[in-house]
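Thank you all for coming.

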Amino acid sequence: MIPPPFEYLRPKTIREAIVFLQQYGDEAKILSGGQSLIPMMKFRLARPSYLIDINRIPGLSYIREEGGYLKIGGLTREAELENSPLIHSKYPIILDTARVIADPQVRNMATLAGNLAHGDPANDHPATMLALKAEVVATGSQGERMLPIESFFVTLFTTELQHDEIVSEIRIPVPPPHSGGAYLKLERKVGDFATAGVAAEVTLNGKGVCQQVGIGLTNVGATPVKARKAEESLRGTKLDEANIARAAQLAADEAEPSSDLRGPADYKRGLVKELTRRALARAYERASR
Ligand SMILES: Cc1cc2nc3c(=O)[nH]c(=O)nc-3n(C[C@H](O)[C@H](O)[C@H](O)COP(=O)(O)OP(=O)(O)OC[C@H]3O[C@@H](n4cnc5c(N)ncnc54)[C@H](O)[C@@H]3O)c2cc1C
């Protein structure tokens with residue numbers, strides 16, 4: 001339960017943090033909320049020799065709309081998302097997600113950027129960011145790169161981030177009028193990781209026909225899953241019961257769960273089907289308000 005020894009570094013700027021990352025290479029790790037990294041170090045699943053604590057870098061914690069994007073800073077905590085009036089009024093899908101992560105103590109520290117950078121398919125935000133077509137802003141020695149969330153997750157615990165890059169911001173296109181989204185998760189007990197989770201975001205035209213749709217799945221594959229076939233089946237259709245049921249079946253077919261302590265693979269596939277149906281119905285209802 002005690003992590004191996006490490007050097008603790010506390011840069012005051014992103015530039016300084018990047019220089020440390022370059023200097024110490026694979027032996028160094030960024031520390032933000034510490035809610036995934038510290039437990040891994042205690043179990044000795046991670047053994048960084050250098051911890052680069054970015055918590056003292058100013059100006060990285062914000063939630064604002066600007067230039068057609070919702071911009072969330074790289075040090076923004078779950079608790080800040082949960083308490084943001086902007087998130088409450090315009091992004092209920094993000095509120096749905098932040099609220100079901102762990103417990104208030106974890107949420108006071110954990111960051112959205114860390115949740116994505118960790119590359120854990122059991123984390124909840126990746127599915128929601130897939131549904132919202134987010135971009136990850138990675139800052140490194142060469143400046144900023146925009147990484148579309150669709151290709152961000154490479155495999156288990158591995159993302160497109162280079163070793164000397166820091167997630168400095170997450171950008172989400174501001175949804176057009178008549179948009180709505182929802183995130184639903186089944187957990188064994190409050191605060192647990194998902195047995196399965198589904199995020200759905202839809203945009204309707206004036207006649208209630210689906211123009212845009214995003215569907216992301218949690219903990220049913222080596223990476224978070226974008227349910228592309230389910231999305232395709234809904235574009236240009238009315239979100240009635242039959243079309244939603246067909247999309248839910250396609251999402252279940254696209255899931256690749258494995259059997260584990262949270263249940264057999266078939267059960268999880270069934271869950272994806274039902275959660276997709278419910279998430280789409282709630283997204284439709286929110287988009288229709
Ligand atoms: C008891 C418990 C229950 C939990 N339950 C859930 C849950 O139900 N759902 C869920 O989604 N999560 C859950 N978590 C995980 C939690 O949300 C994590 O905090 C989050 O996944 C990682 O964010 P962090 O800021 O704590 O990152 P850290 O733990 O500090 O870092 C995690 C990894 O990401 C890297 N990293 C962090 N920030 C950056 C950055 N800005 N740029 C580049 N790399 C970075 C680190 O180097 C490290 O490799 C739980 C955690 C605990 C302790």
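The radius of gyration I will quote is taken over C-alpha atoms, and the rule for a globule is 2.2 Å times the number of residues to the power 0.38. Please keep in mind that this is a predicted model. With 289 residues, a compact globule would have a radius of gyration near 19 Å, and because the chain has 19 Å, the two agree. Along its principal axes, the C-alpha trace spans about 60 × 45 × 30 Å, and the chain holds 12 helices and 14 strands.

Let us now turn to the ligand. Which residues come nearest to the ligand? Of the 31 residues around it, these are Ile30, Gly34, Leu37, Thr111 and Asp124. Thr111 also places a polar side-chain atom 2.7 Å from an oxygen atom of the ligand, while a polar side-chain atom of Lys29 lies 3.2 Å from a ligand oxygen atom. In the case of Gln35, a polar backbone atom is 2.8 Å from an oxygen atom of the ligand. Taken alone, the ligand exposes 960 Å², of which the protein buries 90%.

The space that the ligand takes is the largest pocket. Strand S2 (28-31), helix H7 (112-117) and strand S10 (166-173) are the elements that give two or more residues to the shell around the ligand, and H7 gives the most, with 4 residues. Sorted by class, that shell has 15 nonpolar, 11 polar and 5 charged residues.

Methods. Residues are numbered from 1 along each chain as its sequence is written. This is a predicted model: local features need pLDDT of at least 70, side-chain atom pairs count only at pLDDT 80 or more; totals for chains, interfaces and linings use all residues. Side-chain values use heavy atoms; hydrogens and water are left out. A residue is near a molecule or strand if one of its heavy atoms lies within 4 Å of it. A polar contact is a pair of N or O atoms within 3.5 Å; within protein, one must be able to donate a hydrogen and the other to accept it, and residues adjacent in sequence count only if both atoms are side-chain atoms. Accessible areas come from the Shrake-Rupley method with a 1.4 Å probe; for residues, only the protein chains shown count as cover. On a 1 Å grid over the protein atoms alone, a cavity is a set of points where a 1.4 Å probe fits but cannot get out, and a pocket is an open set with protein on both sides within 12 Å along at least five of seven lines; lining residues have an atom within 4 Å of a point. A molecule sits in a cavity or pocket if more than half of its atoms lie within 2 Å of its grid points. Ala, Val, Leu, Ile, Met, Phe, Trp, Tyr, Cys and Pro count as nonpolar, Asp, Glu, Lys and Arg as charged, and the others, Gly among them, as polar.
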